[in-house]
Amino acid sequence: MSDPRLHVIIRQMTLDDIDQVVMLDKLAFPSPWPARTYRYEISDNEHARMFVLEPGNISKQGAVSRQMGWLDRLLDSIIGSSNGHSGPLIGYSGMWHIADEAHISTIAVHPDWRCRKLGELLVWSMVRQAIRQQAHQVTLEVRVSNTLAQNLYRKYGFEILGTRKGYYRDNSEDAYMMGVTRLDEAYRQLMMIYGQELAHVLRVTNQW
Ligand SMILES: CC(C)(COP(=O)(O)OP(=O)(O)OC[C@H]1O[C@@H](n2cnc3c(N)ncnc32)[C@H](O)[C@@H]1OP(=O)(O)O)[C@@H](O)C(=O)NCCC(=O)NCCS
């Protein structure tokens, strides 16, 4: 019987992904990062790790391959053809790990792929990465108006730690600094439960 779950691949972002990521960034944010920022994050920032999501499937032999057919055609028409290295990208995220703190620097899902738990998968993956690297807290900034993202972060125990006045250049909007500061055993149990819930709806091939 075929697996009804959405199959996605999560892997590290490469320089070849930047064109697509910049296009997604423009769809997701009023102040998108320029390509040079992504280049810096990938090549020069030793504290940064960047990830992308792409749809995929597992062949009968178990090899990972791109999901061909209507999905590729639809995505290519939406976000442009793939550049030879990767499949069409449907989400991305980044984090910095400095001393014992992890900071989620960016996270977005293509508008046509939202509300399918992909944003949550990215948050879950970032937090798990932070725990593995023995971070003591995970922080991020989020627009005060972005209640949707805040709901997602709250689910993962993020609380408002402070406000950064006029943080966003495009409209001088304030940012909430949110963080989860107790990555203890109880939190790890919660992560395990949320990971199991995600596995009910998503089939994830992890290629980090
Ligand atoms: C924020 C974002 C990444 C969420 O991605 P997504 O794949 O749609 O989110 P998910 O499907 O994983 O949903 C996770 C949670 O988000 C919230 N959420 C998602 N879609 C929602 C909606 N339409 N209405 C209300 N809450 C919603 C819910 O809390 C949901 O949890 P639940 O399903 O257990 O109720 C996506 O909306 C996005 O890319 N936004 C633009 C970029 C952005 O704002 N990034 C955050 C910057 S700080």
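The model is predicted: local features need pLDDT of at least 70, side-chain atom pairs count only at pLDDT 80 or more, and totals for chains, interfaces and linings use all residues. Residues are numbered from 1 along each chain as its sequence is written. Helix α4 spans residues 118-132 and helix α6 residues 185-201; they pack at an angle of about 145 degrees with their axes 11 Å apart. Axes are lines fitted to C-alpha atoms, for helices over the stretch in contact, and angles run from 0 to 180 degrees between N-to-C directions. On the α4 side, Glu120, Leu121, Trp124, Val127, Arg128 and Ile131 meet Arg188, Met191, Tyr194, Gly195 and Leu198 of α6. By class, this contact has seven nonpolar, one polar and three charged residues. Ala, Val, Leu, Ile, Met, Phe, Trp, Tyr, Cys and Pro count as nonpolar, Asp, Glu, Lys and Arg as charged, and the others, Gly among them, as polar. Two residues are in contact if their C-beta atoms, placed from the backbone, lie within 7 Å.

The chain has six helices and nine strands. Helices (H or I, at least four residues) and strands (E, at least two) are DSSP runs, numbered from the N terminus. Of the 208 residues, 29% count as buried; a residue is buried if 20 or more other C-beta atoms lie within 10 Å of its own, exposed if 12 or fewer, and partly exposed in between, with C-beta atoms placed from the backbone. Among the contacts with a separation of 6 or more, 68% are between residues 24 or more positions apart.

In helix α1 (residues 18-28), the buried residues are Ile18, Gln20, Val21, Leu24 and Asp25. Seen down the axis of α1, these residues fall within an arc of 155 degrees, so they line one face of the helix; the arc is that of the directions from the helix axis to the C-beta atoms. An α-helix has 3.6 residues a turn, so residues three or four places apart point the same way. Leucine 27, also in α1, is partly exposed, with 14 other C-beta atoms within 10 Å. Leaving aside neighbours within four places in sequence, leucine 27 is in contact with His110 and Pro111. Leucine 27 and valine 109 are 82 residues apart in sequence, and 9.3 Å separates their C-alpha atoms.

The buried residues of helix α2 (residues 35-43) are Tyr38, Glu41 and Ile42. They fall within an arc of 95 degrees as seen down the axis of α2, and so line one face of the helix. The exposed residues Arg36 and Ser43 are carried on the face of α2 turned away from its buried side. Alanine 35 lies in α2 and counts as partly exposed, with 14 C-beta neighbours inside 10 Å. With neighbours within four places in sequence left aside, alanine 35 is in contact with Ile18 and Val22. From alanine 35 to glutamine 20 the C-alpha distance is 9.9 Å, at a separation of 15 residues in sequence.

Around the ligand there are 19 residues, of which Arg114, Gly119, Glu120, Asn151 and Leu152 come nearest; a residue is near a molecule or strand if its C-beta atom, placed from the backbone, lies within 6 Å of it. The elements giving two or more residues to this shell are β5 (101-109), α4 and α5 (147-155). Helix α5 supplies the largest share, five residues. The shell divides into eleven nonpolar, three polar and five charged residues. Arginine 154 lies in α5 and counts as partly exposed, with 14 C-beta neighbours inside 10 Å. The C-alpha atoms of arginine 154 and valine 180, 26 residues apart along the chain, are separated by 9.0 Å.

Most residues other than glycine have a negative phi. In the loop between β5 and α4, cysteine 115 has a positive phi, near 60 degrees. Cysteine 115 is exposed, with 8 other C-beta atoms within 10 Å. Lysine 117, found in the loop between β5 and α4, has a phi near 75 degrees, also positive. Lysine 117 is partly exposed, with 18 other C-beta atoms within 10 Å.
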